[in-house]
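Subject: A structure for you to look at

Hi,

Here is the structure I promised to pass on. Please open it first, and then read my notes below alongside it.

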Amino acid sequence: MINLIDKKILFFCPNFLGYDSIIAGELIKKGAKVELYNERPSSNPLIKAIIRVNPKLLNKMSHRYFLSILHKESKEEFDYVFIIKGEAMSTEIIAKMKEIFPEAIFIYYSWDSIRNLKHMDRKIQYFHKAFSFDREDCKTIANVDYLPLFFSKKESSNENLPSTKDSKYNLSFIASLHSDRYKVLKKILIEIKNKRPDTKIYLFLYYSSKFIFFLKKILDTNFFRVPYKMINWTPLSQQAVFDKLSETEIVIDINHPNQSGLTMRTIEALVLKKKLITTNTNIRYEDFYSPENFLIVDRTRPVIPVEFLSTPYQEIERSIINSYSLESWLKKIFDSQEALYPFKERI
């Protein structure tokens, strides 16, 4: 990996389940000096929803937030400006950063589909390097490279995982609620219960705002039949997610219908050596894919063979699994200086 000792990194990242601190911590461990900021002015669920629907409505709030950071950091000479998602950043703010930090290498990564982020395809031109976890982004947006998500060191320390025969659950589903996820989950569970009625299942559905949830129950058909009692308003910690997935045989994964990138559940299932039932058809293109471990189902009519529910996990080469580590992820992001896109020629 490129030498990051004493390199200064201005890092903007979503304040999401501690992943911002995990990434920053790994960079610091490699010798970098990191200034970490939330990539949006607030993590309030309503603010996040407005940013997603129409970020222009919060332009003044966002500009004040980012300008205050730039004013604070303006005297620093950063080697890198590293932005994950950057949904609330306007092109004017990104251009201002380039003006204040003219020698810095600007790197962008999205763990959401770029096509779902308002005007982000236009903002890509301001970065020297850009990555997305979504293969479709890389096919349709110039100068965006494919890079899946990662697992942390804690997840990789899986020597003491319970064996399949000792698992507490046959299946687990841990996820936030969005789009048609509940409808698809219900179909999958009915199919599984019909095939194996004694299946032990752990479910955890999370939603961040009671107000927005009830609003969606009125306005969004996907939420009409979601039982209130099934929803958790506080997310599981990373350790709790790790513990629950460690105690299960098969993980259920339902991707957003407008995303084709591998979810964090997929990466966690990979490193924890768990079989996966997923609606993401793009998983078949990954180097770790095998039909014995990964079952792709149709989100409208899922079919789950009894054999998949009963056959054991097939070992995957450790070198393949290790290529999805956080260390490997950062190496791919910060290495390849010769692959930098010539900024001045692109804007």
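This is a predicted model: local features need pLDDT of at least 70, side-chain atom pairs count only at pLDDT 80 or more; totals for chains, interfaces and linings use all residues.

Residues are numbered from 1 along each chain as its sequence is written, and side-chain values use heavy atoms, with hydrogens and water left out.

**The overall picture**

The protein has 15 helices and 12 strands. Both are DSSP runs numbered from the N terminus: helices are H or I with at least four residues, and strands are E with at least two. Of the 347 residues in the protein, 52% are buried. The accessible surface comes to about 16500 Å², and carbon and sulfur atoms own 53% of that; areas are from the Shrake-Rupley method with a 1.4 Å probe, and for residues only the protein chains shown count as cover. Among contacts with a separation of 6 or more, 72% are between residues 24 or more positions apart. A contact here means heavy atoms within 4.5 Å.

**Salt bridges**

Back to E76, which forms a salt bridge with K8, the closest N and O atoms being 2.9 Å apart. That term stands for a side-chain nitrogen of Lys or Arg within 4 Å of a carboxyl oxygen of Asp or Glu. This pair links distant parts of the chain, since E76 is in the loop between α3 and β3 and K8 is in strand β1 (residues 8–13), 68 residues apart. K8 is partly exposed too, with a relative accessible area of 27%.

E99 and K96 meet at 3.6 Å, N to O; they both lie in helix α4, three residues apart, or about one turn of the helix. E99 counts as exposed at 57% relative accessibility, whereas K96 is partly exposed at 33%. The side chains of K331 and D335 meet at 3.1 Å, N to O. K331 is partly exposed, with a relative accessible area of 39%, and D335 counts as buried at 15%. There is also a network, in which salt bridges that share partners join E26, K29, K30 and E327.

**Two helix pairs**

Two packed helices are described by the angle between their axes and the distance between the axes. Axes are lines fitted to C-alpha atoms, for helices over the stretch in contact, and angles run from 0 to 180 degrees between N-to-C directions.

Helix α3 (residues 59–73) and helix α4 (residues 91–100) have axes that come within 11 Å and cross at roughly 10°. They are therefore roughly parallel to each other. On the α3 side the contact is made by H63, F66, L67 and L70, and on the α4 side by E92, I93, K96, M97 and I100.

Helix α1 (residues 19–29) packs against helix α14 (residues 326–334) at an angle of about 75°, with the axes 11 Å apart. This pair is therefore roughly perpendicular. I22, I23, E26 and L27 of α1 meet L326, E327, W329, L330 and F334 of α14. For the naming, angles under 35 degrees count as roughly parallel, over 145 as roughly antiparallel, 65 to 115 as roughly perpendicular and the rest as oblique.

**Inside and outside**

I83 lies in strand β3 (residues 80–84) and counts as buried at 1% relative accessibility. Leaving aside neighbours within four places in sequence, I83 is in contact with F12, M89, M97, I107, Y108, Y109 and F127.

F211 is found in helix α9 and counts as exposed, at 56% relative accessibility.

Best wishes

Methods. Buried means under 20% relative accessible area, exposed over 50%, partly exposed in between (1.4 Å probe, protein chains only).
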